[in-house]
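Work through the exercises below with the sequence and the model at hand. Each task is followed by a solution in steps.

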Amino acid sequence: MKRMILAAVAALIPVAAVAQDPIAVEDAYARSANPVTGAAFMVLKNSGDTDCRLTGAASDVAERVELHTHQEVDGVMKMIHVEEGFIVAAHGEHSLARGGDHVMFLGLKAPLNDGDSVPLSLDFGDCGTVEMQVAVDNQRMPRHGMGANRMKMGGGQP
Ligand SMILES: [Cu+2]
């Protein structure tokens, strides 16, 4: 009887393994402009046939990890906590980038220094959980567009 149960359990394992996590993460990096807060940026790719939603993030490096976005309020860019998370469309991608959506570290337990790596767990609900190590790169410049332009405007240059 016991042997039959074990056989049944073993038979289930390959079935579970076939359902691969559809989410891949590319070009992840973390940075911090001060000793208490930091953020992580990356490109989320969904190879599955259904939309996935990043519903939460966790890391040991901070007291709290939240999903944030930037929004202009009365001409000032503010960070907003996005409770509902970020959707990654089926066969699509979603970028977490400077000046936009990001993973926010609040209450860093230690400063994030270049070369450190930050453990990060991303919860995609039914689409699975992605565990990763994100390299800290405080020197990295925004890719193109928004972040750089905003800095230029703020600098008072023509
Ligand atoms: Cu933020």
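**Exercise 1. Find which cysteines form a disulfide, and describe the bond.**

Solution. A disulfide is a pair of cysteine sulfur atoms within 2.5 Å. By this rule the count comes to 1. Its partners are cysteine 52 and cysteine 127, with sulfur atoms 2.0 Å apart. The pair joins distant parts of the chain, 75 residues apart: cysteine 52 belongs to strand β3 (residues 52-54), while cysteine 127 sits in the loop between β10 (117-123) and β11 (129-135). Strands are DSSP runs of E of at least two residues, numbered from the N terminus. Next, take the torsion about the S-S bond of cysteine 52 and cysteine 127: it is about -85°, so the disulfide is left-handed. Last, both cysteine 52 and cysteine 127 are buried (buried is under 20% relative accessible area, exposed over 50%, partly exposed in between, with a 1.4 Å probe and protein chains only).

The model is predicted: local features need pLDDT of at least 70 and side-chain atom pairs pLDDT 80 or more, whereas totals for chains, interfaces and linings use all residues. Residues are numbered from 1 along each chain as its sequence is written, and side-chain values use heavy atoms, leaving out hydrogens and water.

**Exercise 2. List the protein donors of the copper ion and assign the geometry of the site.**

Solution. Donors are N, O and S atoms within 2.8 Å of the metal (3.2 Å for Na, K and Ca); water is not among the atoms, so sites may look incomplete. The protein donors are His68 (ND1), Met79 (SD), His102 (NE2) and Met104 (SD), at 2.1 to 2.2 Å from the copper ion. Along the chain their spacing reads H-x10-M-x22-H-x1-M. Methionine 79 is in strand β6 (residues 76-81) and methionine 104 in strand β9 (residues 102-108), so this pair ties together parts 25 residues apart in sequence. Methionine 79 is partly exposed, at 41% relative accessible area; methionine 104 is buried, at 5%. The angles among the 4 donor atoms run from 96 to 118°, and the site is tetrahedral (four donors with all angles between 85 and 135 degrees).

**Exercise 3. Which residues have the most contacts inside the largest nonpolar core?**

Solution. A nonpolar core is a set of buried Ala, Val, Leu, Ile, Met, Phe, Trp, Tyr and Cys residues joined through side-chain atoms within 4.5 Å. The largest one has 29 residues, and those with the most contacts inside it are Met42, Val103, Phe105, Leu120, Leu122 and Phe124. Strands that each supply at least two residues of this core include β1 (23-31), β2 (37-46) and β5 (62-73).

Note on methods:
Helix = DSSP H or I, 4+ residues; strand = E, 2+ residues; numbered from the N terminus. Tetrahedral: all angles 85-135°; square planar, octahedral: opposite > 155°, others 65-115°.
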